[in-house]
Amino acid sequence: MQLGAVPPDRPEALPPGPYVVLRVMDTGTGMDAATQARIFEPFFTTKEPGKGTGLGLSMVHGIVRQHGGAIHVRSVEGGGTTFEIYLPQVETVAETGVADDSGASQPATGQETILLVEDEDDVRALAREVLERQGYTVVEASDGAQAVTVYEKEGARIDLILTDVVMPRMSGREMVDRVRATRPDMRVLYMSGYTGDAIVRHGVLDASMLLLGKPFTPLALIAKVREVLDRPK
């Protein structure tokens, strides 16, 4: 669609130009004005404890903004909700085919053991596959509480903890604090779907902690893991 003057009820101003619009609608209970005003805030959720992190819409909002777009929400209590995602239309066609990587530097491999803690099965499976292809040994846990149990059995051979920040039962930060009570020099790399500034602002992590943003590419994961492992203790 060609976007001219932006309607005044839109939460974000967009410059005129061609946009692609993705519209998602439901016929659910809708939201009141107070809830609508906060839905993109990190860690805000209307779900009961343990049922939601409040990061889903924040992640979507951040990704759309990074690509020069905006999200418009319309909702009526008892009348459902409509999300409209505006993204700038791109005229350039991406080239297809396999790139020649013969001249590119290859990411460093490793032999260390990594404790991977992630409650999303797909993300955990992807990270494990990427790391194992680079030579690492990976031990898995699906949340912080399970990670503590795994560490009690496998701790002596673990070189790095790669963990999500917000998880059910026990957060990544709380799990790491428990591990470091007995092993203060444990190397740790956090993962999160929201920006480091937001997580620091909400007191989940502090600015000195190392963070890998989601979604991440395999190369970004490999590079960050190697960077953390190579840091002096």
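## Close-up views of a predicted protein model

**Figure 1. Contacts that span the chain.** In the protein chain, take the contacts with a separation of 6 or more: 62% of them link residues 24 or more positions apart. Keep in mind, as you look around, that this is a predicted model. The protein chain holds 7 helices and 9 strands. Of its 233 residues, 40% are buried. The chain exposes about 13,500 Å², and carbon and sulfur atoms supply 53% of that area.

**Figure 2. The largest nonpolar core.** Here we look at a core of 21 residues, in which Leu 115, Val 117, Ile 161, Met 175 and Met 186 touch the most other members. Which elements each supply at least two residues of this core? They are strand 5 (113–117), strand 6 (137–141), helix 4 (144–154), helix 5 (172–180) and strand 8. Helix 4 gives the largest share, 4 residues. Apart from this core lies another one, of 20 residues, which includes Val 130, Tyr 136, Ile 222 and Val 225.

**Figure 3. Met 186 and the residues it touches.** Let us zoom in on one member of the largest nonpolar core, Met 186. If we skip residues up to four places away in sequence, Met 186 touches Tyr 151, Ile 158, Asp 159, Leu 160, Ile 161, Val 179 and Arg 180. Two of these names, Ile 161 and Met 186 itself, are also among the core residues that touch the most other members.

**Figure 4. The second largest pocket.** About 220 Å³ of space lies in this pocket. It is lined by 13 residues, and those closest to its centre are Arg 180, Met 186, Arg 187, Val 188 and Leu 210. Strand 8 (residues 187–192) provides the largest share of the lining, 3 residues. What kinds of residue make up the lining of the second largest pocket? There are 7 nonpolar, 1 polar and 5 charged residues.

**Figure 5. Leu 131, a buried residue in a helix.** Leu 131 belongs to helix 3 (residues 121–133). Its relative accessibility is 0%, so Leu 131 counts as buried. Beyond residues up to four places away in sequence, Leu 131 touches Ile 114, Tyr 136, Val 138, Leu 162, Leu 221 and Val 225. Look for Val 225 in this view: it sits 94 residues from Leu 131 along the chain, yet their C-alpha atoms are separated by 8.9 Å.

**Figure 6. Thr 82, a buried residue in a strand.** Now find Thr 82 in strand 4 (residues 81–88). Is Thr 82 buried or exposed? Thr 82 is buried, because its relative accessible area of 12% is under 20%. Leaving out neighbours within four places in sequence, we find Thr 82 in contact with Arg 23, Val 24, Met 25, His 72, Val 73 and Arg 74.

Figure 7. Arg 169 sits in the loop between strand 7 (160–164) and helix 5. With a relative accessible area of 65%, Arg 169 is exposed. Its phi is near 70°, a positive value in a residue other than glycine. Pro 215 has its place in the loop between strand 9 (211–213) and helix 7 (218–230). Pro 215 is exposed too, with a relative accessible area of 66%. From Pro 215 to Met 191 there are 24 residues in sequence and 9.3 Å in space, C-alpha to C-alpha.

Definitions and conventions: Residues numbered from 1 in each chain as written. Predicted model: local features only at pLDDT ≥ 70, side-chain atom pairs only at ≥ 80, totals over all residues. Heavy atoms only, no water. Buried < 20%, exposed > 50% of the residue type's maximum accessible area, 1.4 Å probe, protein only. Contact = heavy atoms within 4.5 Å. Areas by Shrake-Rupley, 256 points an atom, 1.4 Å probe, with all protein chains shown as cover. 1 Å grid on protein atoms, 1.4 Å probe; cavity = no way out; pocket = protein on both sides within 12 Å on 5 of 7 lines; lining within 4 Å. Points joined across faces, edges and corners; volume = space filled by probe spheres on them. Nonpolar A, V, L, I, M, F, W, Y, C, P; charged D, E, K, R; others polar. Core = buried A, V, L, I, M, F, W, Y, C linked by side-chain atoms within 4.5 Å.
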